[in-house]
Amino acid sequence: MVILLAVAACGEKPATPAAETPVPIRVAEVVSADAANTFRAAGTVRLRREIDLGFTTPGRVASIAVEEGARVRRGQLLASLDATMVAADLSAASAERTRAAADLSRAKELFAKGWVTRARLESAEAAYRAAAATTSSARFAANTARIVAPADGVILRRFAEVNQVVDAGTPVLAFGDGRDGFVLRVPVSDVQASGIVQTGSVPIDIAALGPAPVAARIIEVAGRADDRTGTFAVELALPPDPALRSGQIGHAVLAVRSNGGRESMLVPSSAVFAARAGEAFVYVLDEAGTRVKARQIVTGAAGDNGIAVLSGLKAGERVAVTGISRLSEGSLVTPTPVPKA
């Protein structure tokens with residue numbers, strides 16, 4: 001009897017495991033949260049290089065050859081001082097240099113013959129160097145008694161008038177250097193400045209240019225806040241346009257990262273499960289698109305668009321948003337993309 005049972009047992013075929021049934025799910029693509037975090041800010045159009053021009057010596061303004069708004073060429077005369085005083089100073093300095101040069105020449109001859117001491121020769125040399133320096137200073141003052149355009153540009157403002165007496169360094173003209181073009185300077189808060197996204201193109205609308213927006217690019221975010229306002233300036237380079245003028249008002253739509261400037265991803269709220277103390281899990285679809293794997297993530301703020309993910313996911317990955325309760329590590333799935341709104 002035992003032998004018959006053993007033979008019968010040997011003749012039985014092993015059981016075939018049941019085929020795994022795929023779980024139908026919907027999946028959503030992980031996207032950067034930056035595109036969802038934008039704000040509109042107003043700013044002022046400026047030439048990127050705007051400088052105040054003045055004289056290096058005090059004096060009476062003899063002429064101002066340009067008006068506000070005038071376009072000028074490099075080297076063009078813009079303003080000049082009454083040259084009477086600077087010319088007299090240069091003449092006196094030149095005369096003193098000539099006298100000191102003659103004294104030095106005589107001192108060298110006498111020293112060579114042994115008739116004067118080395119100290120006398122060194123004194124003559126020092127007097128000549130001082131006279132030469134004074135002459136150079138007077139010549140510089142004479143040359144800078146004229147203001148010429150440092151580059152092609154535009155006169156933005158006149159601060160002085162003819163016959164007005166000005167001190168050294170007093171602004172006479174505000175000059176806009178045209179070589180670097182126009183920018184839109186937008187003040188933003190410290191929080192916004194720390195998370196500004198350097199996108200390739202920023203939409204700008206300037207009423208003076210018409211209703212169509214123009215594309216600008218961020219070229220600079222200030223490293224220090226303005227002492228008066230506490231805001232940081234963001235500079236956006238504007239495309240060339242003959243209608244642009246310094247002082248026009250424009251608006252920019254800027255993207256900003258939350259969480260102190262760290263890049264974050266965005267996933268639908270339904271994709272997240274087992275959330276606890278800033279951590280949670282999602283099911284990520286593999287490259288073949290047939291199975292899912294559980295992935296731990298660090299979550300940020302939740303909003304209408306979904307939940308911010310601070311780490312654990314990359315843009316472009318796909319996560320399950322339905323059927324979560326039926327999934328486990330390595331589950332076979334048949335994914336369907338979530339329709340885009």
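Predicted model: local features only at pLDDT ≥ 70, side-chain atom pairs only at ≥ 80, totals over all residues.
Residues are numbered from 1 along each chain as its sequence is written, and side-chain values use heavy atoms, with hydrogens and water left out.

**The helix pair**

- Helices here are DSSP runs of H or I with at least four residues, strands are E runs of at least two, and both are numbered from the N terminus.
- Helix H2 covers residues 84–112 and helix H3 covers 118–143; their axes come within 8 Å and cross at roughly 160°.
- That makes H2 roughly antiparallel to H3 (angles over 145 degrees count as roughly antiparallel).
- For these angles, axes are lines fitted to C-alpha atoms over the stretch in contact, and angles run from 0 to 180 degrees between N-to-C directions.
- The H2 and H3 crossing is left-handed, a label used if the near helix is turned anticlockwise from the far one by less than a right angle.
- Sorted by class, the H2 contact with H3 has 17 nonpolar, three polar and nine charged residues (Ala, Val, Leu, Ile, Met, Phe, Trp, Tyr, Cys and Pro are nonpolar, Asp, Glu, Lys and Arg charged, and the others, Gly among them, polar).
- Ala130 is 34 residues from Glu96 in sequence, and their C-alpha atoms are 9.5 Å apart in space.

**The second largest pocket**

- A pocket is an open set of points on a 1 Å grid over the protein atoms alone, where a 1.4 Å probe fits, with protein on both sides within 12 Å along at least five of seven lines; lining residues have an atom within 4 Å of a point.
- The second largest pocket has a volume of about 370 Å³, a volume being the space filled by probe spheres set on the points, which are joined across faces, edges and corners.
- Its lining has 22 residues, and Leu47, Arg71, Val154, Phe182 and Leu244 lie nearest the centre.
- Strands S5 (71–72), S8 (153–158) and S10 (171–188) each supply at least two residues of this lining.
- By class, the lining divides into eleven nonpolar, six polar and five charged residues.

**Positive phi values**

- Asn163, a residue other than glycine, has a positive phi near 80°, and its place is the loop between S8 and strand S9 (165–166).
- Ala274, also a residue other than glycine, has a positive phi near 55°.
- Ala274 is in strand S16 (residues 273–276) and is exposed, at 53% relative accessible area.

- Ile307 lies in strand S19 (residues 306–311) and is buried, at 14% relative accessible area.
- Ile307 and Met265 are 42 residues apart along the chain, with 8.2 Å between their C-alpha atoms.
- Val298, in strand S18 (residues 292–303), is partly exposed at 29%.

Terms used:
Parallel < 35°, antiparallel > 145°, perpendicular 65-115°, else oblique. Buried < 20%, exposed > 50% of the residue type's maximum accessible area, 1.4 Å probe, protein only.
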